[in-house]
Amino acid sequence: MSIVTNTDPLFLWLAGGTLALLTVATVIGAVLARRVQTPAGRDTVRNLNARIRSWWVMVALFAAAMLLGSVVTLVLFALLSYLALREFITLTPTRRGDHAGLFLSFFVVVPLQYWLIGIGWYGLFSIFIPVYVFMALPSLSVLGADTTDFLTRTAKAQWGLMLAVYCTSHAPALLWLDIPGYRLPSALLLLYLMTVAQLSDVFQYVFGKLWGKTRLSPGISPSKTVEGLVGGGLTAVAIGTGLHVITPFSPLQAAGMSLVIVTAGFFGGFVLSAMKRDLGVKDWGTLIEGHGGVLDRLDSVVFSAPLFFHLTRYWFT
Amino acid sequence: MIPLVQPALRHGLLGLTRLLVGARASWEGCAPADVPRIYFANHTSHLDTLAVMAALPAELRARTHPVAALDYWGGSALRRAVAVGCLNALLVDRTGKATAEVMDAMAAVLESGQSLILFPEGTRGDGTVAPFKSGLYHLARRVPAAELVPVFIENLHRVMPKGMPLLVPLICTMRFGAPLPPVDGEDKAAFLQRAREALVSLSQPKSQSASQPASQRTAQ
């Protein structure tokens, strides 16, 4: 299921396009760094260049995992879930009574969820966390006989698992979809989701920085603007429509799917920003230079992955 | 032990520590520097030594020696290999029978230009900082040239609370504070009080980065 089809023109186009995009971004970043005058502008450009450097690393890691096959891709996403959950629980108040449940969440639930994908047990994969784990966790916590903030603690631990593990795991689960008549490796579906969701973020940032005037919601996400959202979102939909060649979708279907990914991605980022404001932090973590934590980079995928997975599964398998 | 095994084990241990607790360094009151320093930290869990070592830059780590209890870490060949071989630990007798020898050994490390990591509370806490034992005072008087750098280990008590065998991975930050300035004629109690306050003041994060204000509210 690996996409090492070496000299396949499609593969060359994808690899070439990605490299070209990163190179153009790097050159623009270097030019801006020479031209910028104001201190505020310098901060913005420094952050932009840190983001671009991190993009090279993230793209390289993702590409390497996809080329090495579906199991390696699955392990990469399991690791991302683990790191995202660690960021979430770090910022969430916990008490002694939650300890056993949290231990199980990290070291049993995360591997099991991804193992269920790997063995293709769709039925259990889709209900394991929302049914079994969501009952087991408060059951374990209640044994601690500590009712302080019990509802809040339970709800927060469950939301952490929902976002970092359950939702995120739907992205690599695309690799196990069996779509009749789709001749390409299904790793390309994952590539499609990640490309549209991440480019939507990137172009929203670019459009917002260049033409953004109307703040969307300063209290939740100061950098989001209406101009950025519309311009970036439409650009991502256009790219997603053009990329229909790597999917089982027609151009019109691809446009619809891209619109779903972009819309869900926007709300994912928005909801997670509201959570950060509630917790009193700017970023989820510091692991990815310029971007913040793993959850800061995955926030748009978290909401769009399950939707894209189920729409594809329902209509195309 | 085979020469290659210890570096491999050291990298494995430090890598595992980072995977579990992040071990991020936040240099708030001083910069990393190769001068003799006594890093004194709050004692929160079994992972403290590894976490502080993982947070130090590699070139400083090689010249920094955590002070560890001989009765535990010298207890078996394996523990000794991990403590001394992998983490450069200085094993000391904490029974009180050999106080002079312990002080000589610690002073010798500092006088050779290298650094020590101490946990002056002597015992693991529950997130609050206990009163300091007097070793830090005597060592500071013996080697006045050494910088006294407070290191607040954030969040690690939530990773492995006392009495809990299980570990929950959370991001832990080591906050390195400003070196304690010398004060002439200060007595032991005042010095220990001042050192403890320097450590406690680091627990209130100044910068809004990956800090955990919300989690600390009900974490106790």
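## Close-up views of a predicted two-chain model

**Figure 1. The interface of chain A and chain B holds zero salt bridges under the rule applied.** The model shown here and in the following views is predicted. Polar contacts do occur between chain A and chain B, and their count is 11 residue pairs. On the side of chain A that touches chain B, helix H3 (70-90) and helix H4 (99-118) of chain A each supply at least two residues. By class, this side of chain A comprises 12 nonpolar, six polar and six charged residues.

**Figure 2. Contact and buried area between chain A and chain B.** In this pairing, 24 residues of chain A are in contact with 30 residues of chain B. The two chains bury about 2300 Å² between them, and 60% of that area is on carbon and sulfur atoms. Within chain A, the residues that lose the most area to chain B are Arg86(A), Thr90(A) and His99(A). Together these three residues account for 29% of what the chain A side buries.

**Figure 3. Chain B as a whole.** Chain B contains 10 helices and seven strands. Its C-alpha atoms fill a box of roughly 45 × 40 × 35 Å along the principal axes. The radius of gyration of chain B is 17 Å, which agrees with the value near 17 Å for a compact globule of 220 residues. Of the 220 residues in chain B, 50% are buried. Among contacts in chain B between residues at least 6 apart in sequence, 73% join residues at least 24 apart.

**Figure 4. A salt bridge joins Asp201(A) and Arg297(A).** Over all chains, the whole structure has 14 salt bridges. In the one shown here, the side chains of Asp201(A) and Arg297(A) meet at 2.6 Å, N to O. Asp201(A) belongs to helix H8 (residues 187-211) of chain A and Arg297(A) to helix H11 (residues 294-316) of chain A, so the pair ties together parts that are 96 residues apart in sequence. Asp201(A) has 19% relative accessibility and therefore counts as buried, the cut-off being under 20%. Arg297(A), at 10% relative accessibility, also counts as buried.

**Figure 5. A salt bridge joins Asp296(A) and Lys276(A).** The closest N and O atoms of this pair are 2.7 Å apart. Asp296(A) counts as buried at 7% relative accessibility. Lys276(A) likewise counts as buried, at 7%.

**Figure 6. A salt bridge in chain B joins Arg142(B) and Asp104(B).** Between Arg142(B) and Asp104(B), the closest N and O atoms are 2.9 Å apart. The pair links distant parts of the chain, with Arg142(B) in helix H7 (residues 135-142) of chain B and Asp104(B) in helix H6 (residues 99-111) of chain B, 38 residues apart. Arg142(B) has 39% relative accessibility and counts as partly exposed. Asp104(B), at 40% relative accessibility, also counts as partly exposed.

**Figure 7. A network of salt bridges in chain A.** Four residues of chain A, namely Arg95(A), Asp98(A), Asp146(A) and Arg153(A), are linked through salt bridges into a network.

Notes. Residues numbered from 1 in each chain as written. Chains lettered and ligands numbered in written order. Predicted model: local features only at pLDDT ≥ 70, side-chain atom pairs only at ≥ 80, totals over all residues. Heavy atoms only, no water. Contact = heavy atoms within 4.5 Å. Buried area = accessible area lost by both parts, 1.4 Å probe. Polar contact = N/O pair within 3.5 Å; in protein donor to acceptor, adjacent residues only side chain to side chain. Helix = DSSP H or I, 4+ residues; strand = E, 2+ residues; numbered from the N terminus. Nonpolar A, V, L, I, M, F, W, Y, C, P; charged D, E, K, R; others polar. Rg over C-alpha atoms; globule rule 2.2 N^0.38 Å. Buried < 20%, exposed > 50% of the residue type's maximum accessible area, 1.4 Å probe, protein only.
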